Amino acid sequence: MGHPPAPPKAGPSAPLKNASLGMIEAGNRDEGREEQKPVPVRLARICRILYTLPVDVAARKVRFCGSSRADLRDFSEDARREAGQQLFQVQMGEDPDDWKAMESVGPGVREIRIRDVSGIYRVMYVAKFSDAIYVLHCFQKKTQRTGPGDLALAKRRYKELVRELSR
């Protein structure tokens with residue numbers, strides 16, 4: 001007759017969250033080694049996205065409205081990298097790590113919030129259209145509130161986008 005299944009080997013079977021470090025400690029599966037190496041949370045999230053999605057899932061395209069691509073290039077290197085990682089998460093169907101709905105700009109508009117040693121940055125985008133993710137406006141914040149010029153520019157680009165897509 002059959003034997004009962006063997007109990008799992010000792011050691012971590014699932015990653016452990018280490019909140020104080022913002023890291024995930026990935027268990028080492030080698031029996032001869034007992035150390036655990038921290039893995040950045042973002043890297044763990046990207047690996048989860050890449051290795052758990054079906055092969056035929058294609059990332060949605062990112063399209064930039066007006067000068068938003070050039071404005072994004074003006075961000076500091078770290079802020080630009082972070083914005084790219086957050087937009088990649090949106091492409092994969094996930095929410096960015098830190099975002100806010102911007103219904104005052106238009107339905108479905110969101111703002112990615114990025115804090116960096118060089119300042120506070122924002123990327124306004126809309127992902128409700130099936131063909132692509134549209135980046136409406138990218139800017140560095142100078143004050144606590146979003147400036148009226150930045151809001152007006154994002155609203156104008158949103159209206160232009162809706163008009164263009166409805167043709």
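Start with Asp98, which is partly exposed at a relative accessible area of 32%; buried means under 20% relative accessible area, exposed over 50%, and partly exposed in between, with a 1.4 Å probe and protein chains only. Before going on, the basis: this is a predicted model, local features need pLDDT of at least 70, side-chain atom pairs count only at pLDDT 80 or more, and totals for chains, interfaces and linings use all residues. Residues are numbered from 1 along each chain as its sequence is written, and side-chain values use heavy atoms, with hydrogens and water left out.

Which side chain does Asp98 meet in a salt bridge? That of Arg113, at 2.8 Å, N to O; a salt bridge here is a side-chain nitrogen of Lys or Arg within 4 Å of a carboxyl oxygen of Asp or Glu. The pair links distant parts of the chain, with Arg113 in strand E6 and Asp98 in the loop between H3 and E5, 15 residues apart. Helices (H or I, at least four residues) and strands (E, at least two) are DSSP runs, numbered from the N terminus. Arg113 is partly exposed, at 30%.

Strand E6 comes up again. Arg110 and Asp95 form a salt bridge through their side chains, at 2.6 Å, N to O. Arg110 lies in strand E6 (residues 109-116) and Asp95 in the loop between helix H3 (77-91) and strand E5 (99-101), so this pair also ties together parts that are 15 residues apart in sequence. Arg110 is partly exposed at 25% relative accessibility, and Asp95 is partly exposed at 41%.

The next pair is Glu111 and Arg122, whose side chains meet in a salt bridge at 3.5 Å, N to O. Glu111 is in strand E6 and Arg122 in strand E7 (residues 119-126), so the pair ties together parts 11 residues apart in sequence. Are these two buried or exposed? Glu111 counts as buried at 2% relative accessibility, and Arg122 is buried at 7%.

Elsewhere, Glu77, Asp78 and Arg81 are linked in a network of salt bridges. A search of the whole structure finds five salt bridges.

Finally, the chain overall. The secondary structure comes to four helices and eight strands, in the order β-β-β-α-β-α-α-β-β-β-β-α along the sequence. Buried residues make up 29% of the 167 residues.
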